[in-house]
Amino acid sequence: MEEKVSHKFKPRNRHIHIEICEEHQEADDIFEWEEDQDVLQKNENVLARVKAVAPDCTTEIEENQYVVVESNMVRTLTVSGWTVNVVLENFVLGVLEEEE
């Protein structure tokens, strides 16, 4: 019988494992029209859920928080058929928290 192997990605070197929240990205938010250049530009920022944080991160970001990150700084890693997104802690612009 074949045993199913489960993996959990553990980021290192100040990286944060994130999951892009596609359902919260509206079509108008993802692309903007640059009238001066006649080109379609990708939005500079995306909303993401934190899945894991490297132990050497100095920010107070925790798992399951929602963060806004610079989209061009998200790195997509594909290894052996599975894919993860990571971002360096410096490119997290803010954390979304519920108002009290």
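Mentor: A residue counts as buried when its relative accessible area is under 20%, as exposed when that area is over 50%, and as partly exposed in between (1.4 Å probe, protein chains only). By this rule, 27% of the 100 residues of the protein are buried. The model is a predicted one, in which local features need pLDDT of at least 70 and side-chain atom pairs count only at pLDDT 80 or more, while totals for chains, interfaces and linings use all residues. Residues are numbered from 1 along each chain as its sequence is written, and side-chain values use heavy atoms, with hydrogens and water left out.

Start with the overall layout. The protein has one helix and eight strands (DSSP runs numbered from the N terminus: helices are H or I with at least four residues, strands are E with at least two). Along the sequence these elements follow the pattern β-α-β-β-β-β-β-β-β. Six of the strands form an open sheet, in the order 6-7-1-4-5-8, with antiparallel pairing (two strands pair if DSSP finds at least two bridges between them). Strand 6 (75-79) and strand 8 (92-96) are the edge strands, and each pairs on one side only. On average, neighbouring strands of this sheet are turned by 45 degrees against each other, direction ignored (axes are lines fitted to C-alpha atoms, for helices over the stretch in contact, and angles run from 0 to 180 degrees between N-to-C directions).

Strand 6 is joined to strand 7 (residues 82-88) by five bridges, and the two run antiparallel. Here Leu-77 has Val-84 of strand 7 as its bridge partner. Strand 1 and strand 4 also pair over five bridges, in the antiparallel sense, and His-17 has its bridge partner Ala-52 in strand 4. Another five bridges join strand 4 to strand 5, again antiparallel; Asn-45 is partnered there by Glu-70 of strand 5. Four bridges then link strand 5 to strand 8, which run antiparallel, with Leu-96 of strand 8 as the bridge partner of Tyr-66.

The largest nonpolar core has 14 residues, and Ile-16, Ile-18, Val-67, Val-69 and Val-92 touch the most other members (a nonpolar core is a set of buried Ala, Val, Leu, Ile, Met, Phe, Trp, Tyr and Cys residues joined through side-chain atoms within 4.5 Å). Strand 1, strand 4 (45-53) and strand 5 (66-70) are the elements that give two or more residues to this core.

Ile-16 lies in strand 1 (residues 15-20), and it counts as buried because its relative accessibility is 0%. Beyond its neighbours within four places in sequence, Ile-16 is in contact with residues including Val-50, Ala-52, Cys-57, Ile-61, Val-86 and Val-92 (contact means heavy atoms within 4.5 Å). Ile-16 and Pro-55 are 39 residues apart in sequence, yet 9.7 Å apart in space, C-alpha to C-alpha.

Leaving aside neighbours within four places, the contacts of Val-69 include Ile-18, Val-46, Val-87, Phe-91 and Val-92.

Residues up to four places away aside, Glu-62 touches Val-50 and Val-53. From Glu-62 to Val-95 there are 33 residues in sequence and 9.7 Å in space, C-alpha to C-alpha.

Some totals apply to the whole protein. Among its contacts with a separation of 6 or more, 60% come from residues 24 or more positions apart. The accessible surface is about 7900 Å², and 44% of it belongs to carbon and sulfur atoms (Shrake-Rupley method with a 1.4 Å probe; for residues, only the protein chains shown count as cover).

Last comes confidence. The mean pLDDT (the predictor's confidence in each residue, from 0 to 100) is 81, and 73% of the residues reach 70 or more. Among the elements, strand 1 has the highest mean pLDDT (96) and helix 1 (residues 27-30) the lowest (45). Over residues 27-33 the pLDDT is below 50, and this stretch has 14 contacts in the model beyond near neighbours in sequence. Residues 36-40 also stay under 50, with seven contacts beyond four places in sequence.
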